[in-house]
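Dear colleague,

Here is the structure that I promised to hand over, and below it you will find my notes, written so that you can follow them with the model open beside you.

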Amino acid sequence: MNTTTLERITPFVNEPIKDFKNPTDAAAMEAALAAVKRTFGKAYPLIVNGEAIETEKKIRSIDPAHPSEVIGIVSSASRETAMRAIDVAAHTFESWRKTPADERASYLFKAAALLRERRFHYDALLVYEVGKSWVEADADMAEAIDFLEFYAREALRYAGPQPITPVAGERNEMVYIPLGVGAVIPPWNFACAIMVGMASAAIVTGNTVVLKPSSDSAVIAAWFVDLMHEVGLPKGVLNFIPGSGSEIGDPIVAHPKVRFISFTGSKETGLHINELAAKTAPGQKWIKRVVAEMGGKDSIVVAGDADVDAAVEAVAVSAFGFQGQKCSACSRAIVDASIYDAFVAKLVARVGMITVGDPADPKNYMGPVVNEAALKSISEYIEIGKKEGRLVAGGKRVGSEGFFLEPTVIADVDPAARISQEEIFGPVLAVIKARDYEHAMEIANNTEFGLTGSVYTTDEQKIERAREDFFVGNLYFNRKSTGALVGVHPFGGFNMSGTDSKAGGRDYLLLFLQAKSMSRKL
Ligand code: NAD
């Protein structure tokens, strides 16, 4: 990496989120929604070695607000095509690994620039494909741009000279080299950001990729793969093989030429992948590396001395933003007994103000949950919750067309109850009464997860206690538990929340690299 290239690159800054109160941005968004609607029903092929492949089997990506609307019809890879994509990626790796880091980074910089230009169209697609509100969609896009900008700079840093101790009589160096073929398997919830972050991190470090997106968000992934080819990414580096997780997921993970798996999704799938990847296939020459970021059961602790109004606001936004379908969403409010009744009353009033409906209309704060299976499973948890606690808000489906649910609050929940322990991944919040702060900390750590958490308190000693003992990868004080920013809040959880990869942090790219140490006698 030559130093002049590095000097030209400005320090990383986060992409600002659009303010849709600005009439120009609002008009641009309305126009984009209309334009994207005109693309509904379009066919999207697989992309292997830069070639478009149509298959007979299709994935129909639908609008969860209007399930009869088909956003796109995406070809679904057969096992054979998925295996061919891995062969292509293995072949392409031999040239891509030797491509200079600044050239690899340049594709990410160019992609970020194009995403900025097409921002409202991508926003609109997220509104339709996964039911995000305008603001949530734009935050997803800002994060996608941030990942590209951040990882491009990080790749240049890792390609630069690495500090080692000098010794007389030898010239020594340590360089970071890529791993090989990576299977990149993202979830649907940050449909653009996480998919772009995981794929771009693997690519910019010199690996080649087979990308298997979630079937609920396959169209936005198809748009991104097209965009990467438009900016000139060599064919074969990023291969696009949508398909059913259960059908092609296992053969991809088990393939002997796959060197690593980068996964984000549920605990169940993550553990299954981890187990399968640990088995050595005939002809396999390495121990596969698995990066698995998984579920959460995130708590906001409200101490007796907290600003109750601020805590209520943070809990409502963290629990119900994007219908509670964020791994960082607050699904448990753990509230000190001394303020519990006041907190619950204020929370119920605040939740009553949340609007639910088609997210294409910006007056709606909450849109639909992602699909019919989610609607069913969340509704089942609401029924369980009604027995495990006191339903104080919501609890019902809204309308009969889309997959809409009311924001639901269940109070007086026992810390060991199922709705306090299991990830629901929807707009359902359990409120739990704690005897005191000690008890609150104990409850906060009583799940198998350890992703995000937040504490509302004005007491420095309580903050110190949580710093030491609240066992989560991302801990916040006097702010919401969602909204981690690239570079600012490196993201990843402990325990069954995953491998703590800290996406958007300085250590992240190391997961896609291995170090080679070289010594020459002088
Ligand atoms: P999921 O586990 O159902 O699916 C994730 C991905 O795995 C999808 O692309 C799916 O097609 C694929 N898949 C399914 N079975 C597979 C198999 N056998 N082999 C290979 N791939 C397979 O999760 P989801 O519903 O898409 O996402 C929601 C989950 O993701 C929640 O649990 C949420 O907490 C978690 N999540 C975690 C983070 C984090 O950073 N920790 C971020 C976002 C989402």
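**What was found**

Of all the elements that line the second largest pocket, strand β6 gives the largest share, with 5 residues. Please keep in mind from the start that this is a predicted model, and that what follows was computed from it.

To stay with that pocket for a moment, its volume is about 420 Å³, and its lining is made up of 23 residues, of which Arg-97, Arg-104, Tyr-176, Ile-177 and Pro-178 lie nearest the centre. Besides β6 (170-178), the elements α4 (101-117), α6 (134-159) and β21 (513-521) each bring at least two residues to the lining. If you sort the lining residues of this second largest pocket by class, you will find 15 nonpolar, 4 polar and 4 charged ones.

The structure also holds 1 cavity of 30 Å³ or more, and the volume of the largest cavity is about 100 Å³. There are 14 residues around this largest cavity, and Gly-324, Lys-326, Ala-329, Ser-331 and Phe-425 are the closest to its centre. The classes in the lining of the largest cavity are 6 nonpolar, 4 polar and 4 charged residues. As for how such spaces are found, rolling a probe the size of a water molecule over the atoms shows where empty space is left.

**Salt bridges**

How many salt bridges does a search of the whole structure find? The search gives 28, and I have picked out a few that you can look up for yourself.

Arg-97, which is among the residues nearest the centre of the second largest pocket, meets Glu-94 in a salt bridge with an N to O distance of 3.0 Å. Both partners are partly exposed, since Glu-94 has a relative accessible area of 43% and Arg-97 one of 35%.

A second pair is Asp-305 and Lys-462, whose side chains meet in a salt bridge at 2.8 Å, N to O. Asp-305 lies in the loop between β12 (298-302) and α11 (308-320), while Lys-462 belongs to helix α16 (residues 460-469), so this pair ties together parts that are 157 residues apart in sequence. With a relative accessibility of 27%, Asp-305 counts as partly exposed.

Elsewhere, salt bridges that share partners join Glu-15, Arg-116, Arg-119, Asp-138, Glu-149 and Arg-153 into one network.

Ala-82, which lies in helix α3 (residues 79-96), counts as buried because its relative accessibility is 0%. When residues up to four places away in sequence are not counted, Ala-82 touches Ile-241, Ile-248 and Ile-252. Ala-82 and Val-48 are 34 residues apart in sequence, and their C-alpha atoms are 8.9 Å apart in space.

**Two backbone angles to look at**

Asp-412, in the loop between β17 (408-411) and α14 (418-421), has a positive phi, near 60°, and is partly exposed with a relative accessible area of 39%. Asn-478, in the loop between β20 (474-477) and β21, has a positive phi near 50°, and is partly exposed with a relative accessible area of 39%.

With best wishes

Note on methods
Residues are numbered from 1 along each chain as its sequence is written. This is a predicted model: local features need pLDDT of at least 70, side-chain atom pairs count only at pLDDT 80 or more; totals for chains, interfaces and linings use all residues. Side-chain values use heavy atoms; hydrogens and water are left out. On a 1 Å grid over the protein atoms alone, a cavity is a set of points where a 1.4 Å probe fits but cannot get out, and a pocket is an open set with protein on both sides within 12 Å along at least five of seven lines; lining residues have an atom within 4 Å of a point. Grid points are joined across faces, edges and corners, and a volume is the space filled by probe spheres set on the points. Helices (H or I, at least four residues) and strands (E, at least two) are DSSP runs, numbered from the N terminus. Ala, Val, Leu, Ile, Met, Phe, Trp, Tyr, Cys and Pro count as nonpolar, Asp, Glu, Lys and Arg as charged, and the others, Gly among them, as polar. Buried means under 20% relative accessible area, exposed over 50%, partly exposed in between (1.4 Å probe, protein chains only). Contact means heavy atoms within 4.5 Å. A salt bridge is a side-chain nitrogen of Lys or Arg within 4 Å of a carboxyl oxygen of Asp or Glu.
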